[in-house]
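Here is a short briefing to read alongside the structure. We start with one residue and its surroundings, then step back to the whole chain.

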Amino acid sequence: MEKDIILTRRFYHKIPEPGWMEFKTTINIIKDLKKLGISDIKYGKQIHKEDLIFGRPGPDKIKAYLDKLDIRADFDISEILMGYTGLIATIVSQKPGKTFAFRFDIDAMPISESNDKFHKPYREGFASENPKAMHACGHDGHLAMGIFLGKWLMENKKNLRGKYILIFQPGEEGLRGAKSLSQAKELDQVDYFFAGHLGMGLPSGKLGVGTTGFLASSKLDVEFTGHSSHAAALPEEGKNANLSAASALLNLESLAQNSKGMARINVGVIRGGRARNSISDKAVLELETRGASGEINDFLVKRAIQVIKGSAIQYDLAYEIKIAGQAPSIDKPAYEFYEKIESLLKSKGFDTIKSPDFKASEDVCYYINKVNANGGSAIHFIFGSNLAAGHHNKSFDFDEQSLIMGLEVYKELIRNLN
């Protein structure tokens with residue numbers, strides 16, 4: 001199994017796709033699960049709530065990508081190819097018992113992978129075949145664990161109790177996929193929910209149990225619309241969108257001060273103008289807010305909207321704000337459950353670290369909050385892994401032995417909790 005899970009990870013590493021365009025990825029996962037004998041696989045529109053989908057590319061961008069692909073399947077893939085990616089697979093044992101759910105993210109980053117000879121995926125022939133995408137955060141490893149957990153469940157189905165739900169989620173990067181998928185009815189009555197992430201600062205062999213420090217976050221896309229004119233002959237007729245964007249940027253960056261906890265705001269993209277001798281009629285900001293709690297993040301979003309509106313009024317412009325992604329923090333961490341799981345795994349020989357600090361945002365919190373609110377227990381792990389370069393870097397790669405540890409953790413939990 002060790003060799004096979006690594007080969008599976010490498011297969012998916014070669015076909016990375018950004019959020020909501022994980023067409024080959026979704027279809028191949030379905031094929032892999034069908035080969036294992038898993039028949040209850042839902043995908044397409046039936047697992048998504050349309051008005052909760054964030055940041056999906058427009059039809060033109062999806063079509064431009066699809067035109068480069070040759071995808072075939074013996075099942076209906078039409079809705080997947082419309083941008084309803086991801087899937088939910090359910091395995092029901094022959095005996096009554098608890099319901100377990102596991103989440104695995106499947107999207108890649110819009111990064112061109114390194115072709116340096118020292119980069120292992122390039123050197124060993126499994127680097128990205130998509131020049132505009134790369135698995136630079138370990139999601140290829142996460143989904144490989146999901147497939148092989150499905151394999152183990154099918155092989156041991158006769159000896160198990162209860163129900164097992166495997167969630168393969170699109171669009172984690174940018175916090176775009178979980179809010180929609182977490183509303184699927186399969187998540188309504190879950191007793192135990194598990195998810196994890198490779199790396200994140202822990203070395204190989206270490207297991208972070210009960211991750212904390214998830215920051216609530218909102219991703220905002222802003223467009224200022226003014227009026228173009230000749231910059232020398234008729235400057236007074238122009239309404240300069242670049243000035244509005246620049247003013248907003250400077251004021252937005254001053255907002256991240258809050259006595260109630262960690263607060264962050266960042267304008268990652270500013271783009272505007274068409275020519276050096278023309279007053280700019282369009283300008284774009286792409287920004288994010290983060291807070292240690294939903295209250296802090298909501299405060300930052302409210303203030304950010306006020307700054308954007310004020311900057312538009314200042315230069316007599318129109319503006320539009322779209323939510324491109326969103327995630328909460330964990331409302332009520334199940335610390336007693338964390339203690340129980342950490343004690344269990346430690347007794348089984350795992351080298352555990354209690355409640356590591358994530359220090360970032362993850363839309364897995366939508367599932368965690370839902371399961372906890374419904375009376376279940378949810379927990380997130382960090383699977384320690386030595387990295388060749390940091391997350392979201394073109395030379396990112398992880399220790400593939402960490403896949404074995406992650407899979408064993410999930411198997412151990414099933415054995416002991418059901």
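Setting aside neighbours within four places in sequence, V92 is in contact with K157, G162 and K163. Please keep in mind that this is a predicted model.

**V92 and its setting**
- V92 belongs to strand β2, which covers residues 87-92.
- Is V92 buried, exposed or partly exposed? Its relative accessibility is 44%, so V92 counts as partly exposed, since that class lies between the 20% limit for buried and the 50% limit for exposed.
- L153 sits 61 residues away from V92 in sequence, yet their C-alpha atoms are 9.5 Å apart in space.

**Helix α10**
- Helix α10 spans residues 365-373, and because 8 of its 9 residues are buried, the helix is largely enclosed by the rest of the structure.
- Which residues of α10 are buried? They are C365, Y366, Y367, I368, N369, K370, V371 and N372.
- Just after α10, G375 adopts a positive phi of about 95°.

**An annotated span**
- In an unreviewed entry, UniProt lists residues 220-312 as "domain: Peptidase M20 dimerisation".

**Overall fold and dimensions**
- The chain's secondary structure comprises 11 helices and 16 strands.
- How does the radius of gyration fit with a compact globule, and what is its value? A compact globule of 418 residues would have a radius near 22 Å, and the chain has 23 Å, which agrees.
- Along the principal axes, the C-alpha atoms fill a box of roughly 80 × 50 × 45 Å.
- Among contacts in the chain with a separation of 6 or more, 83% come from residues 24 or more positions apart.

**Burial, surface and charge**
- Of the 418 residues in the chain, 54% count as buried.
- The chain exposes about 18,400 Å², with carbon and sulfur atoms supplying 48% of that area.
- There are 55 positive and 52 negative side chains in the chain, and the centres of these two sets lie 3 Å apart.

Notes
Residues are numbered from 1 along each chain as its sequence is written. This is a predicted model: local features need pLDDT of at least 70, side-chain atom pairs count only at pLDDT 80 or more; totals for chains, interfaces and linings use all residues. Side-chain values use heavy atoms; hydrogens and water are left out. Helices (H or I, at least four residues) and strands (E, at least two) are DSSP runs, numbered from the N terminus. The radius of gyration is taken over C-alpha atoms; the globule rule is 2.2 Å times the number of residues to the power 0.38. Buried means under 20% relative accessible area, exposed over 50%, partly exposed in between (1.4 Å probe, protein chains only). Contact means heavy atoms within 4.5 Å. Accessible areas come from the Shrake-Rupley method with a 1.4 Å probe; for residues, only the protein chains shown count as cover. Lys and Arg count as positive and Asp and Glu as negative; His and the chain ends are not counted. The place of a charge is taken as NZ of Lys, CZ of Arg, CG of Asp or CD of Glu. UniProt positions are given in the numbering used here, feature names are shortened, and annotations may be inferred rather than shown by experiment.
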